[in-house]
Each structure stands twice: as C-alpha cells, then as structure tokens.
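Please walk through this structure with the model open beside the text.

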Amino acid sequence: MQIPHDTRRALDVVVALVNTAAEPEQPDALSDLRALRGFVEEHAISDVGDLGARDLAGVRTVRGKFAQVFAAPNSRAAAALINELVATAGTTPQLTDHDGYDWHVHYFAPGASVGDHLAADGGMALAFIVVSGEQERLRRCEAPDCRRAFVDLSRNRSRRYCDSRTCGNRLHVAAYRARRKEADVRPEGSEQVEVVQGGEQQQGPDHR
C-alpha cells in the first residue's frame with residue numbers, strides 16, 4: 001500500500017497518541033502537561049506554543065476520538081467520526097516545506113491548538129485510509145495481554161501483533177515451548193498411527 005510520507009507520519013502520530021491511553025497494566029501516558037510536552041517534542045509536532053490545561057484536555061478528547069475510529073465496525077461509522085474530527089478542528093489545508101521537509105500539506109489552521117492540530121492532520125490521514133478502502137488495516141494487537149493500536153501495512157493485511165512490545169515473538173515462543181512440553185510428557189510406548197498410501201492405517205514403531 002502506497003502512502004504519502006506526510007500521511008504516513010500523521011498516522012504514526014495517531015497510533016502513538018492512541019497508545020498513550022491507560023490500560024489495565026499501563027498508566028495514562030498523558031497524565032500531565034509535562035507528559036504532553038514530551039509527546040509533542042518526541043513526535044516533532046510543529047507550530048505548538050505554550051501548553052495549558054485546556055490543551056491537555058483537548059488532546060485527550062482527540063485521543064478518544066481516534067480510538068473510536070480504530071473500533072468503528074464499518075467504514076460509514078469511521079467516516080462519521082472522522083468528519084466530526086476535522087470539522088471541529090476547522091481544517092484549513094496549506095502547502096508547506098518547513099524545517100527542511102519537502103512540500104507537504106498541513107490541514108490544521110494557523111494558530112490552532114495542539115488538539116485541533118492533531119485532529120486535523122490525524123483525521124485526514126485516517127480519511128486517506130478509509131477512502132482507500134483499507135479501514136481493516138486499523139487494528140489492535142491480538143496478544144491476550146496487549147491492546148495497542150497499529151496500522152497494518154503488510155502486503156496481504158496479515159499482521160496481527162504490534163511491534164513495540166514484541167508481542168508476536170512472545171506468543172510464538174510460548175507456543176513453541178508448549179509444543180515441546182507436550183512432546184516431553186507423551187507416555188513412552190504410546191500408540192502412534194500413521195496413514196499410508198491407499199488410506200490404510202498401520203501401527204507406528206511403538207506398537208508392541
């Protein structure tokens with residue numbers, strides 16, 4: 001799936017924001033203004049001035065809306081959520097080449113709050129996914145102890161786990177160990193049945 005660079009970057013920020021939410025074994029990573037400032041700096045979000053309590057509340061609200069898009073049962077429901085996001089943010093597309101980046105589009109209005117900034121750029125990135133007929137790529141990790149969001153960019157849409165906590169590797173190792181344990185406790189001399197050509201069955205070497 002071909003995604004423009006600025007859209008891909010906006011999607012990365014959306015995923016990162018959704019994954020700051022509190023989970024059973026994870027506290028809210030946007031608990032205060034210091035955490036919000038850290039998020040803004042880590043993801044190089046441009047045109048952000050002084051931050052206050054309203055900014056923190058606004059970003060948390062946007063985070064919840066993004067999470068709803070990931071949970072949307074179909075494209076129509078996702079589109080309604082995205083339309084609400086970008087309308088509330090006062091989307092104003094502008095071409096820009098700031099900070100050494102090549103020409104790309106900013107969708108947030110000049111002077112927008114950080115919440116509206118994220119809602120506009122993130123909302124339009126999510127809109128790209130829906131318009132492309134790829135909503136199913138907006139996923140949650142299938143590991144039993146993880147619900148982190150991610151965008152599945154695999155060619156055949158086969159990715160099941162997030163990559164930030166190596167969930168796939170952990171489950172594969174656990175499954176391998178379970179198979180080994182099962183093999184180790186198999187009673188000696190247990191009957192083994194093999195299917196041979198013609199559909200007949202014969203006893204394996206353990207048969208006495």
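**Reading the predicted model**

In this predicted model, pLDDT stays under 50 over residues 171-176, a stretch with four contacts beyond four places in sequence. Residues 191-208 also stay under 50, with 17 such contacts. Where pLDDT is low, the predicted coordinates should not be read in detail. For the protein chain, the mean pLDDT is 82, and 77% of residues reach 70 or more.

Helix α1 covers residues 5-18. Its 14 residues should span 20 Å at 1.5 Å a residue, and the C-alpha atoms at its ends are 20 Å apart, so the expectation and the model agree. The buried residues of α1 are Thr 7, Ala 10, Leu 11, Val 13, Val 14, Val 15, Ala 16, Leu 17 and Val 18. Their cover includes the helices α2 (33-42), α3 (53-71) and α5 (114-131), together with the strands β3 (138-140) and β4 (149-151).

In soluble globular proteins, nonpolar side chains tend to be buried together. Here the largest nonpolar core has 41 residues, and Leu 17, Phe 66, Phe 70, Leu 118 and Leu 126 have the most contacts inside it. Two or more residues each come from α1, α2, α3, α4 (75-89), α5 and β4. The largest share, nine residues, is from α5. A second, separate core of seven residues includes Ala 143, Tyr 161, Cys 162 and Cys 167.

Beyond four places in sequence, Thr 96 touches Asp 102, Trp 103, His 104 and His 106.

Technical notes
Residues numbered from 1 in each chain as written. Predicted model: local features only at pLDDT ≥ 70, side-chain atom pairs only at ≥ 80, totals over all residues. Heavy atoms only, no water. Helix = DSSP H or I, 4+ residues; strand = E, 2+ residues; numbered from the N terminus. Expected span 1.5 Å × (residues − 1). Buried < 20%, exposed > 50% of the residue type's maximum accessible area, 1.4 Å probe, protein only. Contact = heavy atoms within 4.5 Å. pLDDT = per-residue confidence, 0-100. Core = buried A, V, L, I, M, F, W, Y, C linked by side-chain atoms within 4.5 Å.
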